[in-house]
Amino acid sequence: MSAQRLDFSGLVYSSEQGKMCPACGKPVSGCVCAKQKAAPKGDGIIRISRQTKGRKGKGVSLVTGLPLSEDALEKLAKQLKQRCGAGGAVKDGVIEIQGDHREVLAQELAKLGYKVKLAGG
């Protein structure tokens with residue numbers, strides 16, 4: 001039984017440094033674990049679709065399949081939002097741009113050297 005038991009005896013909070021990462025033992029602000037997460041692997045094709053589900057009829061353009069880290073996704077999302085003149089967000093590795101901007105997004109991503117496909121109707 002003891003071989004299956006997880007070790008939960010690490011430091012989780014320090015009054016000097018605040019919250020501590022349980023994996024590496026460093027302060028959360030200086031954690032090296034989060035930076036080492038690999039970018040998601042895909043088939044190399046960026047798919048742009050439109051979705052209204054769960055948004056009370058308001059449409060958003062979804063950009064999926066980007067093999068980038070979270071920081072790079074945030075920078076690219078900012079660039080795409082400025083190009084479209086719309087708001088948006090990055091959620092779970094997917095860039096959401098408010099409104100139907102699939103054509104503009106496809107052109108912009110093609111300029112950046114990505115292979116782009118318009119998905120859905």
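Modeller: Before we start on helices: here they are DSSP runs of H or I with at least four residues, numbered from the N terminus. Also, this is a predicted model.

Biologist: Fine. Which helix does Glu74 lie in?

Modeller: Glu74 is part of helix H1, residues 70-84.

Biologist: Is Glu74 buried, exposed or partly exposed?

Modeller: Glu74 has a relative accessible area of 44%, so it is partly exposed.

Biologist: And what gathers with Glu74 on the surface?

Modeller: Glu70, Asp71 and Asp92; together with Glu74 they form a patch of negative charge.

Biologist: Switching to Glu108. Where does that one lie?

Modeller: Glu108 is in helix H2, which covers residues 102-111.

Biologist: Buried or exposed?

Modeller: Glu108 counts as buried, because its relative accessibility is 11% and the cut-off for buried is under 20%.

Biologist: What does Glu108 touch, not counting residues up to four places away in sequence?

Modeller: Gln79, Leu80 and Arg83 are what Glu108 touches on that count.

Biologist: Now the strands. Which strand is Val60 found in?

Modeller: Val60 belongs to strand S4, residues 60-64. Val60 is buried, at 7% relative accessible area.

Biologist: How many residues apart in sequence are Val60 and Gln98?

Modeller: 38, yet their C-alpha atoms are 4.5 Å apart in space.

Biologist: Which residues is Val60 in contact with, leaving aside neighbours within four places in sequence?

Modeller: Gln98 is one of them, along with Ile97 and Gly99. Val60 is also in contact with Ser49, Arg50, Gln51 and Arg55.

Key
Residues are numbered from 1 along each chain as its sequence is written. This is a predicted model: local features need pLDDT of at least 70, side-chain atom pairs count only at pLDDT 80 or more; totals for chains, interfaces and linings use all residues. Side-chain values use heavy atoms; hydrogens and water are left out. Patches are made of residues with over 30% relative accessible area and no salt bridge: like charges are joined within 9 Å, nonpolar side chains (Val, Leu, Ile, Met, Phe, Trp, Tyr) within 5 Å. Accessible areas come from the Shrake-Rupley method with a 1.4 Å probe; for residues, only the protein chains shown count as cover. A salt bridge is a side-chain nitrogen of Lys or Arg within 4 Å of a carboxyl oxygen of Asp or Glu. Lys and Arg count as positive and Asp and Glu as negative; His and the chain ends are not counted. The place of a charge is taken as NZ of Lys, CZ of Arg, CG of Asp or CD of Glu. Helices (H or I, at least four residues) and strands (E, at least two) are DSSP runs, numbered from the N terminus. Buried means under 20% relative accessible area, exposed over 50%, partly exposed in between (1.4 Å probe, protein chains only). Contact means heavy atoms within 4.5 Å.
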